[in-house]
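Trainee: I would like a close look at one part of this model, the surroundings of its ligands and the positions annotated there. Please take me through it step by step.

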Amino acid sequence: MIPEPHHVPDSSELQQLSLQIKQWGKALGFAEVGITDTDLSAEEPKFQAWLDNGFHGDMAYMANHGMMRARPAELHPGTLRVIAVRMDYLPEHAGFASNLKDPELGYISRYAGGRDYHKLMRNRLRKLGEQLDGALAELGAAPSNFRPFVDSAPILERPLAEKAGIGWTGKHSLILNRQAGSWFFLGELLVNLPLPVDIPVKEECGSCMACITTCPTGAIVAPYVVDGRRCISYLTIELDGPIPLELRPLMGNRIYGCDDCQLICPVNAEAPLSLESDFQIRPQLRQPKLLELFAWSEGEFLANTEGSAIRRIGHRRWLRNIAIALGNAPASEAIVAALNARRDSAEVDDMVREHIDWALSRQQLALKQQGLAQDARKTARLIRCIEKGLPRDA
Ligand code: B12
Ligand code: SF4
Ligand code: SF4
């Protein structure tokens with residue numbers, strides 16, 4: 001029988017479609033697909049409180065759209081359901097500890113070592129939407145008016161993923177999944193079909209507080225609440241101007257993003273590796289030496305970060321972030337020389353120069369302390385020799 005045009009799918013067809021959406025999603029590389037409605041009214045007061053506290057800092061885009069973030073149907077009229085997906089990004093040979101342990105290396109958050117996820121995921125979500133519309137056409141039904149999002153529009157992605165059963169909200173505020181941990185990106189496809197919805201999973205952080213106590217800058221100010229202004233991810237990626245002085249020493253060698261709250265999380269112990277070749281760390285960003293990264297000209301920065309999320313921060317913030325890491329590194333004449341050389345280069349503006357000066361003063365202090373420690377060690381050795389070799393006169 002030829003289906004009628006603009007047939008309205010019945011509940012068994014919607015059930016069948018939701019199963020197909022999950023299969024297609026998995027075939028497209030999404031580790032999990034869940035479906036939820038658009039009601040985020042419970043999130044609105046929490047989101048408003050976050051804004052009222054100023055936790056968004058300079059991220060004006062977080063405050064610009066009023067409560068639209070919690071109202072997907074205002075963002076895309078006609079939306080009835082949100083198809084939420086997750087895509088794993090943990091690369092092979094992540095080398096977390098060796099990287100954090102060596103202060104002469106720069107630490108780059110592991111989500112950013114490969115290609116930018118936004119485009120890749122949006123394209124896959126679009127394919128998912130096209131497959132859905134193909135199936136609807138076969139039923140003789142109208143298209144789903146789908147719209148894909150990946151961190152690309154004002155929408156509260158985490159609460160949507162939670163409602164869709166992708167995972168629970170961890171105390172670090174990220175979505176966590178018992179089997180997959182938290183090393184995944186979120187994305188959504190908004191559709192106008194009343195598909196059956198999934199059931200949220202239960203929270204499993206229990207009494208654990210590890211992410212809160214481990215955060216180097218104390219950015220997780222209460223369970224589930226991150227003060228963006230203190231988060232190293234914000235400081236190194238989102239903030240355009242100077243990084244507050246008191247936070248600089250706490251950043252260590254983290255020059256782009258931060259993974260600490262996820263690294264300490266016990267749920268990540270068995271997290272799966274990403275199957276996407278695009279998310280593997282490119283060679284020039286694998287355990288990179290700070291001095292080499294600092295020497296990149298703007299042209300080299302753009303070439304080495306082509307297609308990566310890192311490119312969006314620009315060479316200026318890149319130099320600013322590395323200058324801080326160099327200021328936090330152990331005393332070294334080579335670092336002082338590199339900082340002085342950069343200070344006088346044409347690629348440096350006043351903001352970056354101020355960070356270089358900060359790093360230089362830390363290095364000079366460290367060199368002085370190293371000298372004093374050497375002197376103290378020499379004297380201690382001499383005293384031991386006197387006591388042993390000249391006991392009568394000691
Ligand atoms: C702004 C932003 C940031 C900011 C602010 C972070 C923040 N916590 O809000 C900064 C720059 C600091 C940041 C950092 C990171 N981000 Co970010 N970020 C976003 C963005 C664009 C918006 C998040 C948002 O809406 N914040 C506003 C606050 C109010 O929302 P919320 O934190 O979800 O808060 C809710 C809960 O706290 C909850 N809540 C409050 N009280 C309570 C109490 C209880 C009991 C419960 C259960 C809940 C609860 O209610 C709030 C409102 O719904 C999203 C993409 C998107 N469009 O959603 C990505 C996103 C959240 N980021 C992501 C990632 C990967 C990161 C980093 C890990 C990157 C890195 N390695 O450097 C870090 C992690 C830092 C952290 N612990 O959050 C992923 C998270 C994936 C996941 N598994 O959850 C997202 C979803 C991007 C994506 N598409 O994949 N991010
Ligand atoms: S990403 Fe780092 S700085 Fe930000 S909340 Fe997590 S541990 Fe703290
Ligand atoms: S570290 Fe502990 S409290 Fe934090 S998200 Fe993981 S399980 Fe939850």
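Is Thr 169 buried, exposed or partly exposed, and how many C-beta neighbours does Thr 169 have inside 10 Å?

Mentor: Keep in mind that this is a predicted model. Thr 169 has 18 C-beta neighbours inside 10 Å. A residue needs 20 or more to be buried, and 12 or fewer to be exposed, so Thr 169 counts as partly exposed. Thr 169 sits in strand β5, which covers residues 168–169. Apart from neighbours within four places in sequence, Thr 169 is in contact with Arg 158, Glu 162, Ile 175 and Tyr 224.

An unreviewed UniProt entry gives the feature "binding site" at Arg 69, Asp 151, Thr 169, Ile 175, Leu 186, Ser 233, Cys 258 and Asp 259. These positions are spread over 191 residues of sequence, and they are spread in space as well, with up to 25.2 Å between C-alpha atoms.

Cys 258 is another of the annotated positions. Cys 258 lies in the loop between β10 (254–256) and α9 (260–263). It is buried, because 25 other C-beta atoms lie within 10 Å. Leaving out residues up to four places away in sequence, Cys 258 touches Ser 109, Ile 232 and Ser 233. Ser 233 is itself in the annotated list.

Now the ligands. Ligand 1 is surrounded by 36 residues, and the closest are Glu 43, Glu 157, Val 226, Ser 233 and Gly 257. At least two residues of this shell come from each of α2 (44–52), α6 (157–163), β7 (184–191), β9 (225–226) and α8 (232–238). By class, the shell around ligand 1 has 21 nonpolar, 8 polar and 7 charged residues.

Ligand 2 has 13 residues around it, the closest being Cys 215, Cys 231, Cys 258, Asp 260 and Cys 261. Helices α8 and α9 each give at least two residues to the shell around ligand 2. That shell divides into 9 nonpolar, 3 polar and 1 charged residues.

For ligand 3, the count of surrounding residues is 13, and the closest are Gly 170, Cys 205, Cys 208, Cys 211 and Cys 265. The classes in the shell around ligand 3 are 10 nonpolar, 2 polar and 1 charged.

Note on methods
Residues are numbered from 1 along each chain as its sequence is written. Chains are lettered from A and ligands numbered from 1 in the order in which they are written. This is a predicted model: local features need pLDDT of at least 70, side-chain atom pairs count only at pLDDT 80 or more; totals for chains, interfaces and linings use all residues. A residue is near a molecule or strand if its C-beta atom, placed from the backbone, lies within 6 Å of it. Helices (H or I, at least four residues) and strands (E, at least two) are DSSP runs, numbered from the N terminus. Ala, Val, Leu, Ile, Met, Phe, Trp, Tyr, Cys and Pro count as nonpolar, Asp, Glu, Lys and Arg as charged, and the others, Gly among them, as polar. UniProt positions are given in the numbering used here, feature names are shortened, and annotations may be inferred rather than shown by experiment. Two residues are in contact if their C-beta atoms, placed from the backbone, lie within 7 Å.
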